[in-house]
Amino acid sequence: MAEPSPPPPPSNSGLRILLAKDRAPTSSPSAPAAVSSHADRDRIIGVFRTALSRNEAPEAFALQAVQEAIKPQKQTVLVLEENQTLENALRRLLQELVSSAVQSGKGIMQYGNSLDSGESNCLITRLLDIMLYLCERGHVEGGMVFQLLEDLTDMSTIKDCKDVFGYIESKQDVLGKQELFGRGKLVMLRTCNQLLRRLSKSNDVVFCGRIIMFLAHFFPLSERSALNIKGVFNTSNETKYEKDATDGISVDFNFYQTLWSLQEHFRNPALTTTNPTKWQKFASNLTVVLSTFEAQPLSDADGKHNNLEQEEDAAFNIKYLTSSKLMGLELKDASFRRHILVQCLIFFDYLKAPGKSDKEGPSESMKEEIKSCEERVKNLLEMIPPKGKEFLQSIEHILEREKNWVWWKRDGCPAFEKQPFEKKSGQAGARKRKPRWRLGNKELAQLWKWAELNPVRFKLQLYIIILFDWVL
């Protein structure tokens, strides 16, 4: 009986797992040995630790330390791989310094200061100063210092972040230079936004304000990353109010619901304008509210009772309570009425925003309703004491500037800075003076000069003109 044939060999399309004993040797005696990246990183860290202990200014030793640590191909500028190697080592060094500061119990921006002599020699500050100098001079990649600042804020507590941000504010002019800003603006924006997410909006109001003010000064006004180009609304700002009437209400509960239902339309105007049913509901509700305000005008005593004049210098935002039991008091509050009416003007201003197409804009019937309601709202604002007319003029001025802002965004946010005109070679001298004529203009001056040169002919023509006028 014949022996069974062996199984066919595996297909070449499948994967084969080779054991170590089956693999062919790949290394040759002539191949160079691989360089340990950890050894290079530790060597670079050691060089910069030594540099941090020097009490000289960064310009005296910073470039020399880079050349000693990296041994660059070029003497003054690092290439891409060298920049990456240096950045990885410095980020590791920064992490070790922060860890040492935490273990010592000091703030990270105070670690290394000498308390006895009163000298300020923070190691982390020294490291940031060195990198800022190298980035500013173009010796290393310009965004490296921004990356270190982002790592530092991520590793710091909120208390230490205030000190770190104080350093950022002190170096704002250097960080904002064009050679650094173009490289690190997105990293700085991400750093500030991440920091704002960590802060409490109620307990860290001052710190949040510092970050926002820094961004406003650091980024130009025409920076598109800070603009709401598409006009997206904050629909999460929802106003909750009572749906069912409760006992002991002294006002009409239907009016209470009608008034607070306007906030649903103010929260997302685009949804109201595109839906005819919602627009009709908004128009009818607004008519009821405006008629109630007109039927119950406020007196001068009501305006003085709310102390609006004394609160002009106060800076705060109001989120009114929506309890139905407060409706009677809120109707007598002049600032509450202004709050509702100004919302109406903002809503109308959005509907009339420039640059909209016929499909996006309001219809003809809607435009007439908007115009009628807008006139009623402005009349009510003028009637609210104190200084109703002045208040309305201020609101109209703000809304007019807002239209210019909308136009600017729809035109693609062109830069506000205008380049200076270059003078031509022929205009390099003094400004050319206008010619001065003897009798006021060119024609009279030429006529007078011609009369002086031809006195006989001029007198003959003058006699003919006089005789012609006498005959006629």
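Predicted model: local features only at pLDDT ≥ 70, side-chain atom pairs only at ≥ 80, totals over all residues.
**Exercise 1. Ring pairs around Phe-165.** Describe the geometry of the Phe-165 and Phe-207 pair, then that of Phe-165 and Phe-214.

*Solution.* Start with the total: the structure has 17 aromatic pairs (rings of Phe, Tyr and Trp, the last by its six-membered ring, with centres within 6.5 Å; planes under 30 degrees apart are stacked, over 60 edge-to-face, the rest tilted). Phe-165 and Phe-207 are edge-to-face, at 5.8 Å centre to centre with 75° between the planes. Phe-165 sits in helix H6 (residues 158-170) and Phe-207 in helix H9 (residues 205-218), and the two are 42 residues apart (helices are DSSP runs of H or I with at least four residues, strands are runs of E with at least two, numbered from the N terminus). Both residues of this pair, Phe-165 and Phe-207, are buried.

Next take Phe-165 and Phe-214. Their ring centres are 5.4 Å apart and their planes stand at 80°, so this pair is edge-to-face. With Phe-165 in H6 and Phe-214 in H9, the pair ties together parts 49 residues apart in sequence.

Finally, which residues make up the cluster linked by ring pairs? They are Phe-165, Phe-181, Phe-207, Phe-214, Phe-218 and Phe-219.

**Exercise 2. Helix packing.** Classify the packing of H12 with H16, H3 with H5 and H2 with H4.

*Solution.* The protein chain has 19 helices and zero strands. Two packed helices are described by the angle between their axes and the distance between the axes.

*H12 and H16.* Helix H12 (residues 276-295) packs on helix H16 (residues 364-383) at about 25°, with axes 11 Å apart (axes are lines fitted to C-alpha atoms, for helices over the stretch in contact, and angles between N-to-C directions run from 0 to 180 degrees). H12 is therefore roughly parallel to H16 (under 35 degrees is roughly parallel, over 145 roughly antiparallel, 65 to 115 roughly perpendicular, the rest oblique). Their crossing is left-handed (the near helix is turned anticlockwise from the far one by less than a right angle; clockwise is right-handed). Among the residues in contact are Trp-279, Leu-286 and Phe-293 of H12 and Met-366, Ile-370 and Val-377 of H16 (contact is heavy atoms within 4.5 Å). By class, the H12 and H16 contact has 10 nonpolar, three polar and three charged residues (nonpolar: Ala, Val, Leu, Ile, Met, Phe, Trp, Tyr, Cys and Pro; charged: Asp, Glu, Lys and Arg; polar: the others, Gly among them).

*H3 and H5.* The axes of helix H3 (residues 80-104) and helix H5 (residues 144-155) come within 10 Å and cross at roughly 30°. That makes H3 roughly parallel to H5. Here the crossing is right-handed. Leu-90 and Leu-94 are among the H3 residues that meet H5, whose residues include Leu-148 and Leu-152. The classes are eight nonpolar, three polar and three charged.

*H2 and H4.* Helix H2 (residues 58-70) and helix H4 (residues 123-137) pack at about 80°, with axes 10 Å apart. H2 is therefore roughly perpendicular to H4. Contact residues include Phe-61 and Val-66 of H2 and Ile-130 and Tyr-133 of H4. This contact has eight nonpolar, no polar and three charged residues.

**Exercise 3. Backbone exceptions.** Where does the chain have a cis peptide bond, and what is the phi of Lys-387 and of Cys-413?

*Solution.* The cis bond joins Pro-385 and Pro-386, with omega about -5°. Pro-386 lies in the loop between H16 and helix H17 (388-410). Lys-387, in the loop between H16 and H17, has a positive phi of about 55° although it is not a glycine. Cys-413 also has a positive phi, near 55°. Its place is the loop between H17 and helix H18 (442-453). With a relative accessible area of 8%, Cys-413 is buried.

Technical notes. Residues numbered from 1 in each chain as written. Heavy atoms only, no water. Buried < 20%, exposed > 50% of the residue type's maximum accessible area, 1.4 Å probe, protein only.
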